[in-house]
Amino acid sequence: QLTKDADGRQNFLNGPAATAQFDDLRSVIRMPDGALLVLEEGNHRVRRVHGGIVTTVAGGGAFGHRHGSYLDNAAPEAARFNRPLGIAYDPSRSAVLIADGGNHCLRILTIDGAVHTFAGELCPCGKLCECRCPCRNGAARPSTFHPPWGIAVRVDGWVFISELYGHRVRSISPTGMVAVL
């Protein structure tokens, strides 16, 4: 059972799934190897559940926007997220795409553990979560999302994103162009 304490306190603990602790779980996917990847909005992390063990794949507990990797023995906390909300496996890129809600962008988590921005950036107004600026279409970077919430990927590389405050569905073509559906 993957839950936080009954008293609702923010929790974080890796280890056996029976005793692992989470905060504000948002999305879960099954990876090709059978592992589950779980997004925690409250702890700003991507967690992996496999073989009854929970580990941190990326994110560091404090919110932010920073690329990073757990390669070369670097800690998974090197990357930072701000309210990760949606997650999808992208078979065309052999990677995971994450809707990083508070940062108004999509992040890519590669098979080797690197985290980078795939599309979007902070809005010009600088607000993190409830920006009402007009969205920008066109090239994946510097497009904007308000904020990205749900995400789906087709096998041919098309990405679809629902926006919480934008009240629309956006697409990203395999060539990296963002548009409103």
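The following dialogue explains how to read several features of this predicted model.

Trainee: In what order do the four strands of the open sheet stand?

Mentor: Strands of a sheet pair through backbone hydrogen bonds, either parallel or antiparallel. Strands are DSSP runs of E with at least two residues, numbered from the N terminus, and two strands pair if DSSP finds at least two bridges between them. Here four strands form an open sheet in the order β6-β7-β8-β9, with antiparallel pairing. The edge strands are β6 (84-90) and β9 (115-120), each of which pairs on one side only. Neighbouring strands of this sheet are turned by 25° against each other on average, direction ignored; the axes are lines fitted to C-alpha atoms, and angles run from 0 to 180 degrees between N-to-C directions.

Trainee: How many bridges join the neighbouring strands β6 and β7, and which residue of β7 is the bridge partner of Tyr-89?

Mentor: β6 and β7 run antiparallel and are joined by six bridges. Tyr-89 has Val-96 as its bridge partner in β7. The hairpin of these two strands has four residues between them, and Ser-94 takes a positive phi near 50° there.

Trainee: Which residues of β8 are partners of Leu-97 and Asp-100?

Mentor: Strand β7 (residues 95-100) and strand β8 (residues 105-110) run antiparallel, joined by six bridges. Leu-97 is partnered by Ile-108 in β8, Asp-100 by Cys-105, and Ala-95 stands opposite Thr-110. β7 and β8 also form a hairpin with four residues between them, where His-104 in the turn has a positive phi of about 60°.

Trainee: How many bridges pair β8 with β9?

Mentor: β8 and β9 pair in the antiparallel sense over five bridges. Cys-105 has Gly-120 as its bridge partner in β9. In this hairpin, which again has four residues between the strands, Gly-113 takes a positive phi near 100°.

Trainee: Which way do the residues of β7 point?

Mentor: In a regular strand the side chains alternate between the two faces of the sheet. In β7, Ala-95, Leu-97 and Ala-99 point one way, while Val-96, Ile-98 and Asp-100 point the other way. Six of the six residues of β7 are buried, where buried means under 20% relative accessible area, exposed over 50%, and partly exposed in between (1.4 Å probe, protein chains only). β8 is also mostly covered, with five of its six residues buried.

Trainee: Is Pro-148 buried or exposed, and which residues does Pro-148 touch?

Mentor: Pro-148 lies in strand β11 (residues 148-153). Its relative accessibility is 0%, so Pro-148 counts as buried. Contact means heavy atoms within 4.5 Å. Not counting residues up to four places away in sequence, Pro-148 touches Leu-85, Ala-99, Asp-100, Gly-101, His-104, Cys-105, Leu-106, Ile-161 and Ser-162. Pro-148 and Ala-99 are 49 residues apart in sequence, and 5.3 Å apart in space from C-alpha to C-alpha.

Trainee: In what order do the five strands of the other open sheet stand?

Mentor: Five strands form an open sheet in the order β1-β5-β4-β3-β2, and the pairing is antiparallel. β1 (15-16) and β2 (25-30) stand at the edges with a single partner strand each, so one side of each is left without a neighbour in the sheet. Five bridges join strand β3 (residues 36-40) to strand β4 (residues 45-50), which run antiparallel. Glu-40 stands opposite Arg-45 in β4.

Trainee: Over which ring does the charged end of Arg-45 sit?

Mentor: A charge sits over a ring if NZ of Lys or CZ of Arg is within 6 Å of the ring centre and within 35 degrees of the ring normal. The charged end of Arg-45 sits over the ring of Phe-12, 3.6 Å from its centre. That of Arg-47 sits over the ring of Phe-22, 4.5 Å from its centre.

Trainee: Why is the pair of Trp-158 and Phe-160 stacked?

Mentor: Rings of Phe, Tyr and Trp (its six-membered ring) pair if their centres lie within 6.5 Å; planes under 30 degrees apart count as stacked, over 60 as edge-to-face and the rest as tilted. The structure holds one aromatic pair. The rings of Trp-158 and Phe-160 have centres 6.4 Å apart and planes at 20°, so the pair is stacked. Trp-158 counts as partly exposed at 27% relative accessibility, and Phe-160 counts as partly exposed at 21%.

Definitions and conventions. Residues numbered from 1 in each chain as written. Predicted model: local features only at pLDDT ≥ 70, side-chain atom pairs only at ≥ 80, totals over all residues. Heavy atoms only, no water.
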